[in-house]
Amino acid sequence: MFPKNLGQFIRLFSRLPGIGVKTSERLGFYILSQPKEFADSLSDAIHFLKEKAKLCSLCGNISEDDPCVLCTDTHRDQSVICVVENAMDIYSIEATHIYQGLYHVLGGVISPLDGIMPKDLKIESLLKRIQGSSIKEIIFATSPTTEGDTTALYIKEMLKGKNIRMTHLARGIPVGTALQYAGNTSLLQAIRSREEI
Amino acid sequence: MPLEKIKILRFRNHKEIEIEGVSATNLLIGENGSGKTNFLEAIFLLCRASPFRSVSFSDLIQWNENSFYIGGLIDNLQAEIGYSLEKKVLKINSKTVSFQEFTSNQNVLTFLPEDIFIASGSPEDRRGFIDKILSSLDSEYFFALQRYHQALKQRNSQLKLAPKDAFIWNEELIRWGSKLIEKRLTWTQLINKSIRPIYYDWYQQEIELKYLNTFKIENSIADSFAKTLEKTKIQEVYKKCTQTGPHRDNFEILSRAKNSRFFASQGQKRAISLALKLCFLENSEKIFGGAPILLIDDVLLELDANRREKFLERIGENYQTFFTATSKELLPTIQRKARVFRVENGMILG
Ligand SMILES: [Zn+2]
């Protein structure tokens, strides 16, 4: 039986995604073996993470300011919005340094099996944002699944007749994968979304 | 040679098995429950990364253990599949790969006792038989089937929660559903071109695979599907589930216009399932190339010796094969050319 505080730590940490009880135990013992300062800065980091972070009221990004730095940056292309499922996806796309437009976080995908309906997502706010704006293109970066594709189609349907270009990310073979291992389905999609060289 | 070596750890009733020098023809002899079928299932997993009957991965782990491992040398590639704590790991040549990458390596086709349901089972059983064969031979079909069923589940859930928005799922349903129907039509034609001579040679009867779609196809499949969904709209709101589509398609085996469930003997029913699988096998080779590994589990004894030989002749030396039987005297032709393994309580003695 672990001491009460350690037990509490293990129970809480094992609720984190990807962390089981065994890993949680290891983390607990590791923190105990470190100087007090480490434990203090770790607990501060967790504390302020939630206290300082806000959701941007325009795009749904996680930020210390509202609106966020991406929304207030006038150098960014104001005519294109990239629609993502979660705020984390913004950081994946930003890391490529190739995209210079705006973002919109849906907060998930339509999935009645999980009780998630269009009204539970930030679709209404996206439509409002586009209304009367200079948006010319929407890039859907939703996942290439039944739910991701259907969510994109649903939004496309809502914007019918608005004269906005709508695209989704190309699908196919992951970079670095040899053709023979790509699998028929990936290969098929890659051929369909081939591009000029 | 497709499969040359195999190592199995903590899988079903096999604690530890390591076999080198797997032969082109292999015969596993053992009592029922000794582990012959489990061994075949291990080979299947190594090719398709999924079990051949619908069970969860955790059910495949040996009793009182918490992980299993299967590794093998297939076509000079080291394939490995491991499962522990709800996590699956697939590797080719020690590098973690995706499901698609893993399964594009080697095809496999099973001949199992329950295949007889194509001639005697419910409409679900018969559809399941066709779906299973096509899923293991045609990866595009497999993908379309998964996407279709996911869209169907979401749509049915939508019909229960907010039926007026069910249309959201139509595009996905129609897209993948049409693909399934198109492939089922094409395959039914191919099968009917080749099944007559095979079965006639065995039973001097003509048989035919009949595919019954749930709606009439005019112009394109997708358009007809869309129109039918529109027509069943009111009915499905009331029934709270999708009323039309390939999940309700039907397959029948007909002989001189009589339905196989009413005429065929046990031996005939078995012969029908074997002949069908042979046709799928031979046609898929013509389309995709590459000879699948054949796993033939206890299905030959219902045929009389003469027809059994005809079946084996047809397979010939074209495939790597794994047969199972309770005694080697039962399959003399196989025994002569096979490497014979004895299976006892999960141990394999070669
Ligand atoms: Zn923002």
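Colleague: How many bridges join strand β10 (residues 250-255) of chain B to β11(B), and in which sense do the two strands run?

Modeller: Strands of a sheet pair through backbone hydrogen bonds, either parallel or antiparallel. Here β10(B) and β11(B) run antiparallel and are joined by two bridges, where two strands pair if DSSP finds at least two bridges between them, and where strands (E, at least two residues) and helices (H or I, at least four residues) are DSSP runs numbered from the N terminus. One of the bridges sets B:Leu254 against B:Asn259 in β11(B).

Colleague: Before we go on, what kind of model is this, and how is it numbered?

Modeller: This is a predicted model, in which local features need pLDDT of at least 70 and side-chain atom pairs count only at pLDDT 80 or more, while totals for chains, interfaces and linings use all residues, and side-chain values use heavy atoms, with hydrogens and water left out. Residues are numbered from 1 along each chain as its sequence is written, and chains are lettered from A and ligands numbered from 1 in the order in which they are written.

Colleague: Which strands stand at the edges of the open sheet of three strands in chain B?

Modeller: The sheet has the order β9-β10-β11 (chain B), with antiparallel pairing. The edges are β9 (207-212) and β11 (258-259) of chain B, each with a single partner strand, so one side of each is left without a neighbour in the sheet. Helix α6(B) packs on this sheet, touching β9 and β10 of chain B (contact means heavy atoms within 4.5 Å). The direction of α6(B) makes about 170 degrees with that of β9(B); axes are lines fitted to C-alpha atoms, for helices over the stretch in contact, and angles run from 0 to 180 degrees between N-to-C directions.

Colleague: What is the order of the strands in the sheet of six?

Modeller: The order in this open sheet is β2-β1-β4-β5-β6-β7 (chain B), and the pairing is antiparallel. Its edges are β2 (14-19) and β7 (95-96) of chain B, each with a single partner strand, so one side of each is left without a neighbour in the sheet. Strand β1 (residues 3-11) of chain B is joined to β2(B) by five bridges, and B:Ile6 stands opposite B:Ile19 in β2(B). Helix α1 (residues 36-48) of chain B packs on the sheet, touching β1, β2, β4 (67-74) and β5 (77-84) of chain B, and its direction makes about 110 degrees with that of β1(B).

Colleague: Where are the hairpins, and which residues in their turns have a positive phi?

Modeller: β5(B) and β6(B) form a hairpin with two residues between them, and B:Leu85 in the turn has a positive phi of about 45 degrees. Six bridges join β5(B) to β6(B) (residues 87-92), and B:Gly82 stands opposite B:Val89 in β6(B). Another hairpin is formed by β6(B) and β7(B), with two residues between them and a positive phi of about 45 degrees at B:Asn93 in the turn; within this pair, B:Ile92 stands opposite B:Lys95 in β7(B).

Colleague: Which residues form the salt bridge across the interface of chain B and chain A?

Modeller: The rule finds one salt bridge there, between A:Asp149 and B:Arg147, with the closest N and O atoms 2.8 Å apart. The elements that give two or more residues to the side of chain B that touches chain A are α2 (99-103), α5 (139-161) and α6 (170-203) of chain B, and α5(B) gives the most, with eleven residues. The contact as a whole takes 22 residues from chain B and 25 residues from chain A.

Definitions and conventions: A salt bridge is a side-chain nitrogen of Lys or Arg within 4 Å of a carboxyl oxygen of Asp or Glu.
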